[in-house]
Amino acid sequence: MFKKPLGNLKTSAPLRGSDRRKLKQRVIAAFNISQEDADLLVPDGILSVKFSTHLNEPGLAYLSPNGDPCWFTIGKGSEDLVPSIYSLWKKTSLLPFLSTPSAVIPILVGGADLMIPGVIHSSPGLPEGALVSVRQLTREDGKPMLSPPLAVGRMALPSDLLREGGREKGKAVHVLHTWKDHLWDMGAKGDVPPGDVIEPKAESSVEDAEEEGNEEDRQEDKEEVTPPTPAPAPESATTYTSHEISVLLTKSLLQAISSISTSLTPPSFPMPATQFYTACILPSRPAFPTLALQPASLPSGTGATEVHIDPQEINVKSSSHKSLTAFLKSAEKAGLVNTKSPQKHSAQTEVLVMAVNTKHEDVDRHSPFVTFGDVEAKKAKKEKKEEREREERERKAGEVEVRKVWKPHVVGDIFEAVDARSVVYSFYGIRANESRTSNLYGVEEIRALVGAYITKNNLVNPRDQALINLDPLLLSAVMPSKSKKKGVEEVDAGEVKNMMKRDEITKKIIDKMQPWYEVKAEGRDPVCKKGSLKPIQVVTKIRQGRKASTLITGFEPFLVVEAEEMAEDLRKVCAGATSVSPVIGKPAGSGMEVLVQGKQGPAVVEYLTGKGIPKRWIDVQGMGKK
């Protein structure tokens with residue numbers, strides 16, 4: 001998570017006393033600790049600072065007065081507090097732990113997750129997603145020693161699967177933060193505190209666990225978190241011979257040349273041999289090698305689809321060529337590529353691939369297959385899509401929900417005629433049974449009610465299905481309102497039709513209903529009020545000669561911001577003076593106005609959207625508009 005420097009690091013600001021108390025209560029509730037421990041882990045003078053990770057995920061860190069990170073959250077509006085290594089050193093029992101050999105710790109510090117073979121001991125009963133610390137298990141003078149926590153992360157699977165041997169490969173912990181990463185570097189960077197000696201009662205179980213975590217498993221863990229290297233498979237396993245791997249490499253080369261010939265953006269030559277190998281040949285390896293070439297070791301009676309061999313086993317070192325230069329020379333003899341060896345006293349020390357022969361007969365005869373690169377690209381595309389969807393869900397989860405609704409006023413007879421409540425329930429299903437004002441309807445609900453009335457009374461015009469015949473009740477609902485002039489009632493101008501389109505009927509009915517609005521915000525009681533909700537006004541004006549100032553009004557209905565809080569926050573964000581006063585020219589109690597010095601329109605919009613207010617509900621006017 002923090003293997004690269006933090007981006008968009010803002011200036012740290014001290015928490016107000018009330019915010020510190022809230023943070024302390026969150027820590028007590030989340031980690032079940034005493035008030036004294038909470039005072040230790042959430043000290044007086046604690047600071048907050050916003051940042052973004054190298055994956056552009058927004059985060060918030062809480063720092064001690066001397067700058068040591070104490071807690072952090074990842075994700076917009078996230079409430080999931082994660083303790084830092086510094087906090088875990090203050091209270092090592094804050095989280096349940098997993099132990100791992102000393103050889104694994106540098107790999108975790110490098111940014112890898114903890115793999116299952118690297119786990120020696122785990123706390124029982126931990127669910128997937130639980131916060132855990134990772135501690136190093138060593139021996140000193142024959143006694144097992146546990147270091148203080150050196151990493152913190154979330155369980156990738158229930159810990160009982162680790163204890164019962166339910167899985168042998170895969171991730172055990174998704175690591176979030178480690179000793180010596182860039183978050184840790186923000187602090188004092190002190191020495192690691194001394195570890196704990198394990199009591200004799202637990203020693204036998206630890207020794208048993210150490211036997212399970214033998215050297216072979218540790219090597220397997222390294223292979224999982226670092227680029228894999230070829231390893232000899234057991235004799236009984238289905239695998240390829242070096243000659244068969246050479247054949248598959250040649251097929252991969254043919255696939256690469258075939259792709260180059262049809263590509264709209266072919267690579268440019270000459271190209272260094274290593275680059276050609278990694279960018280063209282390796283991604284062109286078959287994703288399902290046994291379908292491209294059945295291995296000689298395949299047991300009789302076994303189909304090619306029943307056995308899968310990892311495409312990454314197909315590499316030059318495992319082939320009969322043993323080197324990339326020898327493989328390319330062989331391909332050059334076959335007429336597939338042209339290469340150029342480096343001159344004796346030239347600065348160029350690597351073989352160059354000058355061109356590929358896209359018209360070679362073997363390329364024409366080659367049968368294309370699904371490549372390793374295709375599968376990886378599809379997987380990356382899927383992960384990117386899931387990431388976008390997750391970010392969208394997180395954004396919507398913290399966003400203020402504003403819903404326009406209407407109350408039947410003079411058109412209630414139509415709603416009664418179709419039993420409005422049952423129609424809405426059938427239209428929305430379970431969602432309609434949620435807490436809501438029974439006589440307020442959204443646009444989709446009104447459209448469904450009108451459709452139900454039309455269907456019930458068979459009002460669709462038989463000659464033109466797009467038109468609806470207006471019966472007396474529907475006609476009264478869409479008829480223009482009457483006005484009184486000099487004691488005489490007159491119908492508004494415009495001839496009343498006896499047929500209308502469905503959408504036009506819905507619009508006219510809505511026009512004769514009473515507008516209301518509902519506002520829902522996370523952690524707040526929903527608010528439903530009569531009238532039309534107006535957007536927040538952000539207006540930049542010139543005042544007192546040439547001085548510009550930005551005025552914010554109309555924010556109270558959105559629930560998530562208060563005048564004093566906004567003024568204080570914007571004072572820090574905009575580095576300018578702010579003030580709060582009643583809105584000029586309106587009755588007392590009708591709202592407050594926040595004034596910020598300078599042309600701060602964009603900064604105010606960013607602040608309001610960060611609070612969860614949708615951008616469509618912010619109206620920017622004047623010089624600060626973007």
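## Salt bridges

Arg365 and Glu361 are joined by a salt bridge through their side chains, at 3.9 Å from N to O, where the term stands for a side-chain nitrogen of Lys or Arg within 4 Å of a carboxyl oxygen of Asp or Glu. The model is a predicted one, in which local features need pLDDT of at least 70 and side-chain atom pairs count only at pLDDT 80 or more, while totals for chains, interfaces and linings use all residues. Residues are numbered from 1 along each chain as its sequence is written, and side-chain values use heavy atoms, with hydrogens and water left out.

Both Arg365 and Glu361 belong to helix 12 (residues 361-365), where they are 4 residues apart, about one turn of the helix; helices (H or I, at least four residues) and strands (E, at least two) are DSSP runs, numbered from the N terminus. Arg365 counts as exposed because its relative accessibility is 55%, given that buried means under 20% relative accessible area, exposed over 50%, and partly exposed in between (1.4 Å probe, protein chains only). By the salt-bridge rule the count comes to 18.

Three of these pairs are set out below.

| Pair | N to O distance |
|---|---|
| Arg365 and Glu361 | 3.9 Å |
| Glu518 and Arg403 | 3.2 Å |
| Arg447 and Glu444 | 3.0 Å |

The salt bridge between Glu518 and Arg403 links distant parts of the chain, since Glu518 lies in strand 22 (residues 514-520) and Arg403 in strand 17 (residues 401-407), 115 residues apart. Glu518 is buried, at a relative accessible area of 11%, whereas Arg403, at 24%, is partly exposed. Arg447 and Glu444, by contrast, both sit in helix 16 (residues 443-456), 3 residues apart, about one turn of the helix. Arg447 is partly exposed at 33% relative accessibility, and Glu444 is partly exposed at 40%. Salt bridges with shared partners also join Glu57, Glu387 and Arg390 into one network.

## Helix 9

Ala273, Phe276, Tyr277, Cys280 and Ile281 are buried in helix 9 (residues 273-281). They lie on the same side of helix 9 because they cover an arc of only 110 degrees around the axis, the arc being that of the directions from the helix axis to the C-beta atoms. The cover over these buried residues includes helix 8 (242-262), strand 14 (271-272), helix 11 (324-333) and strand 16 (352-356).

An open sheet is formed by 5 strands in the order 1-2-3-4-5, with antiparallel pairing; two strands pair if DSSP finds at least two bridges between them. Its edge strands, strand 1 (13-14) and strand 5 (82-83), each pair on one side only. Strand 3 (residues 58-63) and strand 4 (residues 69-74) are paired in the antiparallel sense over 5 bridges, and Tyr62 has Trp71 in strand 4 as its bridge partner.

Leaving aside neighbours within four places in sequence, Phe31 is in contact (heavy atoms within 4.5 Å) with Trp71, Leu81, Pro83, Leu94, Leu95 and Leu131.
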